[in-house]
Amino acid sequence: MSQDNEYLPPKVWKWEKASGGEFANINRPIAGPTHDKALPVGKHPLQLYSLATPNGVKATIMLEELLALGHAGAEYDAWPIRIGEGEQFGSGFVEVNPNSKIPALMDHSTTPPTRVFESGSILLYLAEKFGELLPRDHAGRSETLNWLFWQMGSAPYLGGGFGHFYAYAPTKIEYAIDRFAMEAKRQLDVLDRRLAESRYLGGDEYTIADIANWSWYGQLALNRVYDAGEFLQVQEYQHVQRWAKEIDARPAVQRGRMVNRTFGPLEQQLHERHDASDFETNTQDKR
């Protein structure tokens, strides 16, 4: 980069213009609501407010997996939060998640109702509430939580780092793309090495660690994230590929990807979910 084009930061940063390219309207340096809007509440104790982003599908896949395991108490109402339209800044949503990020969950089976935000927290909350997808033995639980929190700490470099600069930034910056592409590939290699020695991330059992990581890295390996499969040569990570395809074939994962989906092929969209029959109705309506 030449000296003439080099950006020199001011002594004090000021918010004087939008930044963030395609998603500039969701970025701001302050928290709190921008408008008053109450959240809808359906008939089930569990109320999910989300969108089918990689973080969002973690919650819906988890709930669908719990239902597949026979937990009727995991039935839920799902309401889309259209982040591109700023619905995450409504007063009702900010009450559930002061960080204004999806997904967010309200559990009305408790008194008072329990709010749960951050996708990893939702996965852990539901796993403990229903006693599923989290090993009970000390070693298995610890390894599962290792990989759950690895994902929470690592994926921002994939999303806000690589994904932003590769797919969404208004200008292509070689340094930024190189830096985060290197990190994305390093993370894929971390997963590939683990999955070379273990069927799933926590061990022999499918757990919340797999749900969390598949939603980002599994979908990246299947070229569903940022259209970056060729650029990152994701097919080279053969153990990640095996794992990604195995999880992708699970019916609960396929259903979970549809919920609160407002983009992509119509047959893969289910804007709201209030009953299990919504999947069949949704598919029939869009044939």
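Helices and strands on this tour are DSSP runs, numbered from the N terminus. With that in hand, select Trp13, which sits in the segment before β1 (46-50). The model you have open is a predicted one.

**Stop 1: the nonpolar patch**

Is Trp13 itself buried or exposed? Its relative accessible area is 55%, and residues over 50% count as exposed, so Trp13 falls in the exposed class.

**Stop 2: the largest pocket**

Next, select Thr53, Pro54, Ile83, Trp216 and Tyr226. Of the 40 residues that line the largest pocket, these lie nearest its centre. The space inside this pocket comes to about 1,300 Å³.

Now colour the helices α1 (54-68), α4 (138-168) and α6 (208-221); each of them supplies at least two lining residues. Which helix gives the largest share of the lining? That is α4, with 8 residues. If you colour the lining by class instead, you will find 18 nonpolar, 15 polar and 7 charged residues.

**Stop 3: two cis prolines**

Move on to Pro103, in the loop between α2 (91-96) and β3 (104-107). Display the backbone here: the peptide bond from Ile102 to Pro103 is cis, with omega near 5°.

Then follow the chain through β3 to Pro112, which is placed in the loop between β3 and β4 (114-117). Thr111 and Pro112 are also joined by a cis peptide bond, and its omega is about -5°.

**Stop 4**

Select Glu118, in the loop between β4 and α3 (119-130). Its phi is near 80°, a positive value in a residue other than glycine. The side of the chain here is neither fully covered nor fully open: Glu118 is partly exposed, at 33% relative accessibility.

Now jump to Asn260, in the loop between α9 (251-258) and α10 (278-285). Asn260 follows α9 and has a positive phi too, near 60°. How does its accessibility class come out, buried or exposed? Asn260 has 0% relative accessibility, so it counts as buried. While you are there, select the buried residues of α9 itself: Ala252, Val253, Gly256, Arg257 and Met258.

**Stop 5**

The structure holds 15 salt bridges, and the rest of the tour visits some of them. As background, side chains of opposite charge can pair when their charged atoms come close.

Begin with Lys129 and Asp107, whose closest N and O atoms are 3.0 Å apart. Lys129 belongs to helix α3 and Asp107 to strand β3, so this pair ties together parts that are 22 residues apart in sequence. Colour the two by accessibility to see the contrast: Lys129 is partly exposed, with a relative accessible area of 35%, whereas Asp107 is buried at 0%.

**Stop 6: Arg194 and its two partners**

Select Arg194 next, along with Glu143. Their side chains meet in a salt bridge, with 3.7 Å from N to O. What does this pair tie together? Arg194 lies in helix α5 (residues 174-197) and Glu143 in helix α4, so the bridge links parts that are 51 residues apart in sequence. Arg194 counts as buried, with 13% relative accessibility, while Glu143 is partly exposed at 24%.

Glu197 and Arg194 are 3 residues apart in helix α5, and so about one helical turn separates them. In general, an α-helix has 3.6 residues a turn, so residues three or four places apart point the same way. Glu197 is exposed, with a relative accessible area of 61%.

**Last stop: a salt-bridge network**

To finish, select Glu64, Glu75, Arg255 and Arg273 together. Salt bridges that share partners join these four residues into one network.

Note on methods:
Residues are numbered from 1 along each chain as its sequence is written. This is a predicted model: local features need pLDDT of at least 70, side-chain atom pairs count only at pLDDT 80 or more; totals for chains, interfaces and linings use all residues. Side-chain values use heavy atoms; hydrogens and water are left out. On a 1 Å grid over the protein atoms alone, a cavity is a set of points where a 1.4 Å probe fits but cannot get out, and a pocket is an open set with protein on both sides within 12 Å along at least five of seven lines; lining residues have an atom within 4 Å of a point. Grid points are joined across faces, edges and corners, and a volume is the space filled by probe spheres set on the points. Helices (H or I, at least four residues) and strands (E, at least two) are DSSP runs, numbered from the N terminus. Ala, Val, Leu, Ile, Met, Phe, Trp, Tyr, Cys and Pro count as nonpolar, Asp, Glu, Lys and Arg as charged, and the others, Gly among them, as polar. Buried means under 20% relative accessible area, exposed over 50%, partly exposed in between (1.4 Å probe, protein chains only).
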